[in-house]
Amino acid sequence: MTEGTPEGVCPVLPSHGRVRPVAQVSITGGFWATRQAVNATATLAHCESWMERLGWLANFDRVADGTTAPDRPGWPFSDSEVYKLLEALAWETGRTGDPEAEVAIKRLTARVTRAQDPDGYLNTCFGHGEQRPRYSDLEGGHELYNLGHLLQAAVARLRTAGEDDLVRVARRAADHVCRTFGADGLPKICGHPEIEVGLAEFGRALGEERYVEQARLFLDRRGHGTLRDIPLGRAYFQDDLPIREAEVWRGHAVRALYLTAAAVDVAVERGDDELLRAVERQWERSVARRTYITGGMGSRHQDEGFGEDWELPPDRAYCETCAGVASIMVSWRLYLATADVRYTDLIERTLYNIIATSPSPDGRAFFYANPLHQRAPGRPADGTEVSPRAEGGSRAAWFDVSCCPTNVARTLASLGGYLATADGDGLQIHQYAPCAINTELPDGRRVAVDVETGYPETGTIRVRIAADEPSPWTLALRVPAWAAGATLITDGWARPVEPGMVEVRRAFRAGDVITLELPMAPRVTWPDPRIDAVRGCVAVERGPEVLCVESRDLPHAGGLDALAIDPLSGPRADAGGVRVRGRLPGHPDRPWPYPSATDSVDDTEWFDVPLRPYHSWAHRGPSSMRIWLPASLPPEGEQRA
């Protein structure tokens with residue numbers, strides 16, 4: 001970018017690709033505007049107050065003042081939470097011009113700046129006083145990981161306000177990394193990928209090729225046993241196989257996905273088709289065999305990681321919120337490179353069922369893990385306590401490892417940057433929300449539209465042309481993979497459209513309206529039979545939302561364990577929401593849980609079971625919950641409702 005000419009809310013801006021992101025998107029109402037407003041008015045200040053209270057911000061002051069002690073509060077990666085908050089604040093100023101966010105950026109930047117060493121090194125856990133030496137624990141120290149988030153915060157500042165003190169701090173840090181770990185420096189990598197994606201995007205934002213080259217060096221070094229082995233194995237770090245040789249994502253899910261996002265960045269900037277194809281191959285198999293119906297990734301608690309193919313237990317699903325953020329980062333980059341709509345389909349699923357699920361309605365409590373089956377209600381959260389556990393069935397105000405709140409904050413603040421793209425011929429809209437989109441095509445034509453919709457409550461999306469353009473251009477709208485039976489209406493004529501991208505090309509005039517009607521009837525979804533944990537179960541979805549049952553909506557609290565539904569009668573939507581026909585057969589207690597034959601009591605009555613969007617579960621207080629519901633057919637000859 002040219003210094004001093006902000007580009008807008010645009011987290012990813014490759015130098016080339018099939019399409020380019022549109023930064024000038026303002027979400028004006030509806031589902032996501034409500035969440036952006038809560039993020040701005042509550043979550044950002046909430047995050048800063050907790051980091052102040054716990055001493056994570058004061059760590060920077062202690063380094064600056066020379067008073068750092070070995071008992072520094074917080075994990076080694078706590079610096080990164082400050083940087084993710086700065087990134088969120090920067091996107092917020094770009095989105096709304098919020099003066100309070102601007103003041104917070106300057107306040108936090110001043111504290112960070114004072115802690116930076118003269119050679120550009122910046123860390124509050126290593127290298128000062130009696131602390132361990134710099135880069136003495138690359139497996140677990142997170143020094144480079146932290147700096148990666150600093151660089152992403154600087155990208156947000158560059159693209160929304162231009163160069164300032166935060167960007168200059170990041171430049172010095174990036175230069176230090178290149179000197180220390182460049183081709184003639186330490187041939188090492190960080191145990192937690194992130195520096196790679198930070199360097200690549202910072203290099204693109206500044207036009208500094210050497211930062212992209214350093215990202216490439218880090219990527220090429222990984223997978224050769226560079227890091228010390230640990231009980232979880234080198235796959236935990238993705239240091240077991242070179243990126244180009246891997247067939248699927250494995251190990252710690254967030255690490256794997258941050259690394260993959262960087263691989264796409266470098267592949268695009270270097271024209272490395274082999275690397276890009278490797279990432280596409282990994283995405284395909286990981287989505288087909290290691291991803292939950294919610295879009296969640298990571299089925300193992302022991303390493304916050306991917307399991308083997310088809311290892312997708314609902315009750316032990318980890319599905320870390322940060323992995324959802326990272327999944328969106330990967331899929332968006334792949335879409336920009338390839339224009340393949342399956343990537344934006346997954347983004348939609350992840351947004352509504354992971355990102356929207358994490359924060360509470362007031363923006364001051366969060367889910368870290370996102371299980372698909374909560375067997376026992378969590379205890380009511382104490383908003384004054386730090387939660388020591390990533391799971392528990394209740395949203396927590398803060399966590400001992402609190403990476404998810406700031407990751408949600410930066411994603412919501414930058415969400416407009418993921419809604420639309422453009423190419424030489426026109427505009428593509430991928431995610432639906434009431435919004436205003438205004439962009440210039442490469443040949444100078446100005447394209448402006450307003451989107452009117454109640455999505456996901458309704459499936460009607462109206463795109464109103466906001467400016468005359470005498471020459472033809474193409475408006476493309478994404479028809480989600482689940483939306484068989486969608487209809488496009490232009491000039492009063494309706495025609496059926498298939499999932500994928502549907503295009504309308506003509507010379508548009510201000511006031512023209514194109515309407516996309518998506519079918520929003522609830523639908524039953526069956527799992528692949530190779531997913532052992534949910535064989536014999538079904539889920540119910542409506543539009544982009546996965547639905548669930550909560551114990552609060554059943555006749556008695558313990559009923560969720562026994563609940564079975566009739567999948568063939570079909571879920572029904574009415575003014576009260578979505579309902580499915582179910583029953584609660586009795587199961588006698590016995591001294592041994594493995595009888596020779598099942599002996600449930602089948603004379604129970606069928607009744608309507610209310611379903612709720614998964615992202616709203618536990619809003620009413622602790623409850624048990626499940627998405628996958630055992631299927632049970634009525635006796636032959638019994639009439640279905």
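This is a predicted model: local features need pLDDT of at least 70, side-chain atom pairs count only at pLDDT 80 or more; totals for chains, interfaces and linings use all residues.
Biologist: Why are α3 and α13 called roughly parallel?

Modeller: Look at the angle. Helix α3 (residues 78-96) and helix α13 (residues 403-413) cross at roughly 20°, and their axes come within 8 Å. Axes are lines fitted to C-alpha atoms, for helices over the stretch in contact, and angles run from 0 to 180 degrees between N-to-C directions. Angles under 35 degrees count as roughly parallel, over 145 as roughly antiparallel, 65 to 115 as roughly perpendicular and the rest as oblique. So α3 and α13 are roughly parallel to each other.

Biologist: What makes a run of residues a helix or a strand?

Modeller: Both are DSSP runs, numbered from the N terminus: helices are H or I with at least four residues, strands are E with at least two.

Biologist: How do you know that α4 and α6 are roughly parallel?

Modeller: The test is the one for angles. Helix α4 (residues 99-115) and helix α6 (residues 165-181) pack at an angle of about 30°, with axes 9 Å apart. Therefore α4 and α6 also count as roughly parallel.

Biologist: What makes β10 and β11 a pair?

Modeller: Two strands pair if DSSP finds at least two bridges between them. Strand β10 (residues 486-490) and β11 have five bridges, in the antiparallel sense. Among the partners, Ile 489 has Ala 494 in β11, and Thr 487 has Pro 496. The two strands form a hairpin with two residues between them, and Asp 491 in the turn has a positive phi of about 55°.

Biologist: Which sheet holds this pair?

Modeller: An open sheet of seven strands, in the order β2-β6-β7-β8-β13-β10-β11, with antiparallel pairing.

Biologist: Why are β2 and β11 at the edges?

Modeller: β2 (25-27) and β11 (493-497) each have a single partner strand, so one side of each is left without a neighbour in the sheet. From one strand to the next, the twist averages 20°.

Biologist: What pairing does the sheet of five strands have?

Modeller: Mixed pairing, in an open sheet with the order β1-β4-β5-β9-β12. Its edge strands, β1 (20-21) and β12 (500-506), each pair on one side only. Strand β5 (residues 426-429) and strand β9 (residues 473-479) pair in the parallel sense over four bridges. There, Ile 429 stands opposite Leu 477 in β9.

Biologist: What makes a space a cavity or a pocket?

Modeller: The way out decides. On a 1 Å grid over the protein atoms alone, a cavity is a set of points where a 1.4 Å probe fits but cannot get out; a pocket is an open set with protein on both sides within 12 Å along at least five of seven lines. Lining residues have an atom within 4 Å of a point. Grid points are joined across faces, edges and corners, and a volume is the space filled by probe spheres set on the points.

Biologist: How many cavities pass?

Modeller: Four, at 30 Å³ or more. The largest cavity holds about 160 Å³. Its 15 lining residues include Glu 87 and Arg 410, which are among those nearest its centre. α11 (321-338) gives the most to this lining, with four residues. The second largest cavity holds about 100 Å³.

Biologist: What lines the largest pocket?

Modeller: The largest pocket, with a volume of about 560 Å³, is lined by 29 residues. Helix α12 (341-355) supplies the largest share, five residues. The lining divides into 17 nonpolar, four polar and eight charged. Ala, Val, Leu, Ile, Met, Phe, Trp, Tyr, Cys and Pro count as nonpolar, Asp, Glu, Lys and Arg as charged, and the others, Gly among them, as polar.

Key: Residues are numbered from 1 along each chain as its sequence is written. Side-chain values use heavy atoms; hydrogens and water are left out.
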